[in-house]
Amino acid sequence: MRYSKYLAPTLKEVPAEAEIVSHKLMLRAGMIRKLAAGVYSLLPLGVRVIRKVEAIIREEMNKAGALEVFLPSIQPAGLWKESGRWNMYGKELLRITDRHDREFCYGPTHEEVITDLVRRELRSYRDLPVNLYQIQTKFRDEIRPRFGLMRAREFSMKDAYSFDVNDEAAGESYALMKKAYNSIFKRCGLRFRAVEADTGQIGGSFSHEFMVLAESGEDLIAYCDQCDYSANVEKVSLVADNTDPPTGSYKPAEKVHTPGKGSIDDVSEFLNRPRSTFIKTLIYKTDNENKELVAALCRGDHEINHTKLARALDVNEVVLADEDDVIRATGAPVGYAGAMGLAIPVMADNGVRSMQNAVTGANEADAHIINVNPGRDFPDARYADIRQPVEGDLCPKCGPGKLLLARGIEVGHIFKLGSKYSESLGATFLDKQGAEKHMIMGCYGIGVARTAAAAIEQNHDEQGIIWPVSIAPFDISILPLNIDDQQVVSTAEKLYDDMIKSGMEALLDDREARPGVKFKDADLIGLPLQVIVGKKGLANGVVEIKIRKTGEKISVPVDEAVSRAVTILSDL
């Protein structure tokens, strides 16, 4: 491809809208352009990267025995009402009405559609197992789309769905997909971890997220320093240091005056007590029918994990109560809540059970209570693991190991769904005895464009992108520095032709631009290799090969440039 005929409009300045590295560099490198909030056009360079990712996905999915389909993106509301998700999914579901006033949605996922297809076509155990996948555009009406392709409203996803006769067979399908996902992300050149995860709105009994490790990641994962355990912080089953009730003497509870001290930090300093001796009380509103309020308790140096709390309460979601609700529940302003005497349910973290002579709010402005003991002072509290992990927590798998925390970008998610959708949508088969049974399902998603963006988050420097070879838009950039010199131009043209014949994908920068512009754009776009053709080098019969990842420059004879480039690429 000739740069002069290519649409790659690079930018010198960072667009104001861009917050993270991948968003900045994809805009600057001319890969994407914004059409609306969370909706982007892919330009030719971007398309080439996406097609490379898709090709890897297809190869590994086909190798695992999955069959490609292509399903409608517009889905009838009736299917979603059958599954029970029409109202549950919330405002992220883009609902539309056709000219006949029939309700549809623009699919954010395809469990309903694929289950409807399978229930119509497959009837016998002989038809199973089957795994169907597609690469399709999805739409989720994110309340706050940001980070370019990382959190867009319209995006490309590979989604696959397996159907099996029983749990054991479904486990085998799940294991095949987990293996395929590991191969996909390794081939994309990513450093990642497969972590245990919450199933969220998709549902099901078990899931793994594939997290690319990057400081810009929105997700926090925990992993053991001694074994292979890793999990999203929402899924980590924490081992409390001690969950037994205290055995020492209880001091009498005493109210103390804490004027203007509404935060734990302020009260800790005022009373000269460590945060770990405080019982933090937060008021939450649930999403159940009555919008019930509940008090959640944890140690003062810990934080509540909202997903764990919702799971413990058996609701879909919890949100922090507003000031009016806090006053209604506690009789005090925000910052002075305590579990003693509350009329609302109390859910405490396991670590609270063993606390003794602790400090908590008095449900009264400018007052706290010291010498609080959970078993004595709020005996009706329920206990569960509802807190956020911290570094140094014990590993729930191996015991002696300690948990470490890292940020990650979710690029893939696999779920063991069970019969959640097959039951609600009536996807059944006849077993060997002729009995009708529900199919056991799994679903498996990969964010295609998000994978490309995550690769940039891991592979960049101050000059621009550094693409892994497997998903780079081109293999090599040929830079003739003196476009008015016939020998330079003819040498660059011949190298371009020979590299294409050798199987490499080359981009010839034949623009009438200064060398500095070509160098900057080449580094920004980030192709693995650059071949620099200049008068000085040709006078000595050599060209220069630059390895983008390391910055190393190698002078090679002109007639060896192609073979050396092939060798270097194969080693990257």
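Exposed residues are those with over 50% relative accessible area, and buried ones have under 20%. The model shown in these close-ups is predicted.

**Close-up 1. Strands β1 and β2 form a hairpin.** Strand β1 covers residues 32-36, and strand β2 covers residues 39-42. The two pair in the antiparallel sense, over four bridges. Arg-33 stands opposite Ser-41 in β2. Two residues lie between the strands. Gly-38 sits in the turn, with a positive phi of about 75°.

**Close-up 2. Helix α6 spans residues 167-187.** The helix has 21 residues, and at 1.5 Å a residue it should span 30 Å. Its end C-alpha atoms are 30 Å apart, which agrees. Asn-166 caps the N-terminal end of α6. A side-chain oxygen of Asn-166 lies 3.3 Å from the backbone nitrogen of Glu-168. After the helix comes Gly-189, with a positive phi near 75°.

**Close-up 3. Buried and exposed residues of α6.** The buried residues are Ala-169, Ala-170, Ser-173, Tyr-174, Met-177, Ala-180, Tyr-181, Ile-184 and Phe-185. Seen down the axis of α6, they fall within an arc of 140°, so they line one face of the helix. On the other side, Glu-168, Glu-172, Lys-179 and Lys-186 are exposed.

**Close-up 4. Thr-281 in strand β14.** This strand covers residues 279-286. Thr-281 has a relative accessible area of 10%, so it is buried. Neighbours within four places in sequence are left aside here. Beyond them, Thr-281 is in contact with Ala-295, Ala-296, Leu-297, Ala-337, Gly-338, Ala-339 and Thr-360.

Definitions and conventions
Residues numbered from 1 in each chain as written. Predicted model: local features only at pLDDT ≥ 70, side-chain atom pairs only at ≥ 80, totals over all residues. Heavy atoms only, no water. Pairing = 2+ DSSP bridges. Expected span 1.5 Å × (residues − 1). Buried < 20%, exposed > 50% of the residue type's maximum accessible area, 1.4 Å probe, protein only. Arc of directions from axis to C-beta. Polar contact = N/O pair within 3.5 Å; in protein donor to acceptor, adjacent residues only side chain to side chain. Contact = heavy atoms within 4.5 Å.
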